[in-house]
Amino acid sequence: MPASQPIETPFVRVSGLNKSFGAFHALRNIDLEVGRGEFVCFLGPSGCGKTTLLRAIAGLDPQDSGSIHIAGRDVSKAPPAERDFGIVFQSYALFPNLTVAKNVGYGLVNRGWSGTDIRARVAELLALVGLPEQGAKFPGQLSGGQQQRVALARALATSPGLLLLDEPLSALDAKVRVRLRDEMRMLQQRLGVTTIMVTHDQEEALAMADRIVVMNHGVIEQVGTPEEIYRAPRTAFVADFVGHMTFLDAVVTGARTVRANGLDFTIAEDAEAPVGAAVRLALRPEAVQARAIPADAPNRFEARIGDLSFLGSFCRARLEPTGATGGSIAADFSANAMRDLGIVEGEIRPVAFPPEALRVFASAPS
Ligand code: ATP
């Protein structure tokens, strides 16, 4: 698993940032560093503060306290125009009465570029975003995906040091979203522009980001590479928000054993809680094993295959271990496994939960 490296010279550094709207504390003491050329996603549920943080970095909604450095410069009090960023919003925000070329070149006119230079730069940018022939059209004559490409070209026009993306794909339909997501990521890598994107879509964040910042209630829960966030969530919130997870109420029975639903589980890491402590045992559905399980495999149980849902490339089953006192565990079986093993609803078969795939979290305070 590639681990996040410490950042030697952060391009963006946010320290002790706080922001309130009236009595509501939207950001609490945020510390964050983004490396030069990195693609970082702010991910979290609606209202967690990700847009507020992005807008504070842009200077559009200044923070109440704390500092922001961009490219080594303290911009905490600088107006947006002095922060050297390009921004793309969810709603495209193009000028409807200007042609595509004029939209893209807008910032260059303000900077006093000559007409010839603007035309050349606009042509270059439109080619970059795959719209070489569309300069004379108006935004209303383009599809949503095309309009967002124009917005991206406009944001990149002045070659900013920082690209800020506020849910840029969420207004698009699913197919266009995935295509544009891949294109934007490739473009970002080619240009090497430091990028921060706000999204509530975990798949988007996992696919695009070098590192993901998971936020909840105005605080950062975890910062890590997509693999770290997915495989080693540090809190139950992250585990639950990113990917699917079954949680079972459990009790610690030893250094590396817990009991849940009347079943004894071996875990690979110390529970970090005393024997008798109430914890939550968590397991991803795709980690459940069903193929050729040795009789002495750890966490091997006979389980009834409860509801089976067909989800395209895999099936999700509700497993009901036969010795359990209740509850079920979600398990995903690939189409291949379904066919090879002939898994059917209602049968009883051995399954195993690999110890290294089980995670233990503190119980939520009651
Ligand atoms: P979403 O995905 O829904 O946009 P978000 O994580 O980006 O969510 P923010 O827009 O950052 O959330 O908002 C964080 C919290 O601050 C929300 O509870 C929101 O209602 C509140 N908030 C944001 N802007 C303002 C404002 N101008 N006035 C009052 N409250 C605000």
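## Stop one: around the ligand

Start with two elements: β2 (24-35) and α1 (50-58) each supply at least two residues of the shell around the ligand. Keep in mind as you click that this is a predicted model.

Color α1 next, as the largest share of that shell, three residues, comes from there. Now select the whole shell: Phe-21, Phe-24, Ala-26, Pro-45, Ser-46, Gly-47, Cys-48, Gly-49, Lys-50, Thr-51, Thr-52 and Glu-167 surround the ligand. Color by class and you get five nonpolar, five polar and two charged residues.

Time to zoom in on the ligand's oxygen atoms.

- Gly-49: a backbone N or O atom sits 3.0 Å from a ligand oxygen.
- Lys-50: a polar side-chain atom is 2.9 Å from an oxygen atom of the ligand.
- Thr-51: here a polar side-chain atom lies 2.6 Å from a ligand oxygen.

How much of the ligand does the protein bury? Taken alone, the ligand exposes 630 Å², and the protein buries 58% of that.

## Stop two: salt bridges

The structure holds 18 salt bridges; we'll visit a few.

Select Glu-183 and Arg-149, which form a salt bridge with their closest N and O atoms 2.8 Å apart. This pair ties together distant parts of the chain: Glu-183 is in helix α5 (residues 174-191) and Arg-149 in helix α4 (residues 144-156), 34 residues apart. Glu-183 counts as partly exposed, because its relative accessibility is 30%. Arg-149 is buried, with a relative accessible area of 10%.

Jump to Arg-316 and Asp-332, whose side chains meet in a salt bridge at 2.7 Å, N to O. Again the pair links distant parts of the chain, with Arg-316 in strand β16 (residues 314-321) and Asp-332 in strand β17 (residues 329-334), 16 residues apart. Buried or exposed, Arg-316 and Asp-332? Both are buried.

Now pick Arg-339 and Asp-340. Their side chains also meet in a salt bridge, at 3.6 Å from N to O. Arg-339 is exposed, with a relative accessible area of 58%, while Asp-340 is partly exposed at 46%.

Key
Residues numbered from 1 in each chain as written. Predicted model: local features only at pLDDT ≥ 70, side-chain atom pairs only at ≥ 80, totals over all residues. Heavy atoms only, no water. Near = heavy atom within 4 Å. Polar contact = N/O pair within 3.5 Å; in protein donor to acceptor, adjacent residues only side chain to side chain. Areas by Shrake-Rupley, 256 points an atom, 1.4 Å probe, with all protein chains shown as cover. Helix = DSSP H or I, 4+ residues; strand = E, 2+ residues; numbered from the N terminus. Nonpolar A, V, L, I, M, F, W, Y, C, P; charged D, E, K, R; others polar. Salt bridge = Lys/Arg side-chain N within 4 Å of Asp/Glu carboxyl O. Buried < 20%, exposed > 50% of the residue type's maximum accessible area, 1.4 Å probe, protein only.
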